[in-house]
Amino acid sequence: MKALRSRRTPISQSRDTEERHSHETLSGENASQHSTRSSSAGVFRLHLPRFARRILLRTTNLAYHRARRGIPFARDTPEQLYREESAVRGRPAMSYYQPMARSVLAKQKVLSFEDARRIVERHATRFEAPDPEIIALDGSEGRFLAETIVADRDLPPFPRAMRDGYAVRASDLTKLPARLKILGEIKAGGASSLHIKKGCAAAIMTGAPAPRGADAVVMVEHTSRVEDFVEILQAVRSGDNIVPTGAEARRGDYVLPAGVPISVAAIAAAASVGKDKVLVYRRPRVAILSTGDELVPVARIPTRNQIRNSNTHSLAAQVRMAGADPVLLPIAPDEKVRLRELILVGLRQDLLLLSGGVSVGRYDFVEPVLKKLGAKFFFTGALIQPGRPVVFGQVQGKYFFGLPGNPVSTMVTFELFARPMIEALSGANPRKLQFLRAKLKKSISRKPGLKRFLPGMLSGEFENTEVELAPWRGSGDLASTARTNCYVVVAADRETIKAGEWVPVLPR
Ligand code: AMP
Ligand code: MG
């Protein structure tokens, strides 16, 4: 560093001096003096517009300094130009090509959506199971099961009638109509000592145990009763409308494996085997840190050029819906020292989500600050829209996501990348992204190259599920997005999708 700096100083000084001379040369009174000097030295004077003179000047200056240091001039990637001009100036260059140069410096790992997602999924398998806790079955929906739930008895525990009707022997129904003697009636929950012999039947209700001797149930709709006899109008096969004992699960069989999300059906299954309490994984804690000098807390009145911090709150909701507890940090300014402090606070939680400050603007400090803390970056961009600058990495043993600050980008990138990580931290078995399909109402055209997740409205029913893009003013357009209910997914290689085509849709 020392060597570099000592080399830069004379260069920057000499450049400054030179630039001053050049400006003098090209403007005002001094120009005539200089022109005399120049012409006396035999130098040709060019009359160029001001911007062209600037570019020429800058290029010749760089060429001059490169020549002095023995660097061939042809090696000029934007990154090199940027580095070099910074070195020449002795401070970061402020030039028209700076944004490009920064993007080259910072965005080295821009992946396709599929590759980026795969990387997250791969890291998401590397966690040890979190600590478990026992909670009441009621209210456990959405949590992830930490125990295997087994059947405490055969399911069903008795041969269960599936229909209201008559328990019969199927072999009695070879000739129709068949006339059978009714031996009695069996209610759901009732015990039965009946034994169905040849030529006999018993009236039976749905959920009641089928009596001995009977091997099928005829639906009541296919019968006609005359006093103690029933006339059977339709044949059944042996086994029809009866679920045999233990057909759904044998005692000790597992009903639900650990790691599954507790769904409505899982609650019913757990309840059916007597679990009024369940062992679930502890909810991970996810730190949320929004960055930006323009942000004010929701309850504060913003000045004209400020906006309210909405990302912290939408992310908190998404974190909760993904099964974790959000930890809301104060807004970080676009300033490295405070940002670093807040990042360190965030890293005390299981996962850190940052919003904003990951683009290539001059005050986007999230990546440099994380880098300084020793972060590894698995990707620093994905070929998606919205959300291209999304960042995923690990620092001090914790994973983090740098989500772009535009509110819709923040939501989409959370859904696509942060959710699987949160689920893994919750002890969930890995899941793939699942899409619905819907018929596109109006043709859409987009430049290929980015996989797009565009806010849309899903409507229609049955086989006519339709979707339409919302009129949208880009990834900052919260008002329009809030009125939609899904994202229409457009593959990166598609330019036009015609009305009527079935497209994948990510419901919200
Ligand atoms: P950034 O990613 O920091 O360049 O921000 C991109 C855009 O999103 C800017 O217009 C920001 O003002 C806006 N933005 C950033 N963070 C938030 C936030 N927490 N809430 C609402 N808008 C935000
Ligand atoms: Mg910002």
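Buried here means under 20% relative accessible area, with exposed over 50% and partly exposed in between, using a 1.4 Å probe and protein chains only. Contact means heavy atoms within 4.5 Å.

Before going on, some housekeeping. This is a predicted model, where local features need pLDDT of at least 70 and side-chain atom pairs count only at pLDDT 80 or more, while totals for chains, interfaces and linings use all residues. Residues are numbered from 1 along each chain as its sequence is written, chains are lettered from A and ligands numbered from 1 in the order in which they are written, and side-chain values use heavy atoms, leaving out hydrogens and water.

So which residues of α8 are buried? In this helix, residues 311-321, they are N311, T312, S314, L315, A316, Q318 and V319. A handy reminder: an α-helix has 3.6 residues a turn, so residues three or four places apart point the same way. Just after α8, G323 takes a positive phi of about 100°. Helices (H or I, at least four residues) and strands (E, at least two) are DSSP runs, numbered from the N terminus.

Next, helix α11, where we find E423. Is E423 buried or exposed? It is buried, with a relative accessible area of 7%. Leaving aside neighbours within four places in sequence, E423 touches F144, A322, A428 and R431. With R431 there is also a side chain to side chain polar contact, at 2.7 Å. A polar contact is a pair of N or O atoms within 3.5 Å; within protein, one must be able to donate a hydrogen and the other to accept it, and residues adjacent in sequence count only if both atoms are side-chain atoms.

Now to ligand 1. Of the 18 residues around it, E294, N309, S310, G357 and G405 come nearest, where a residue is near if one of its heavy atoms lies within 4 Å. An oxygen atom of ligand 1 is 2.4 Å from a side-chain N or O atom of E294, and a nitrogen atom of the ligand is 3.1 Å from a polar backbone atom of S310. The protein covers 79% of the 480 Å² of accessible area that ligand 1 has on its own, by the Shrake-Rupley method with a 1.4 Å probe.

Finally, the whole chain: it has 12 helices and 30 strands, and 43% of its 508 residues count as buried.
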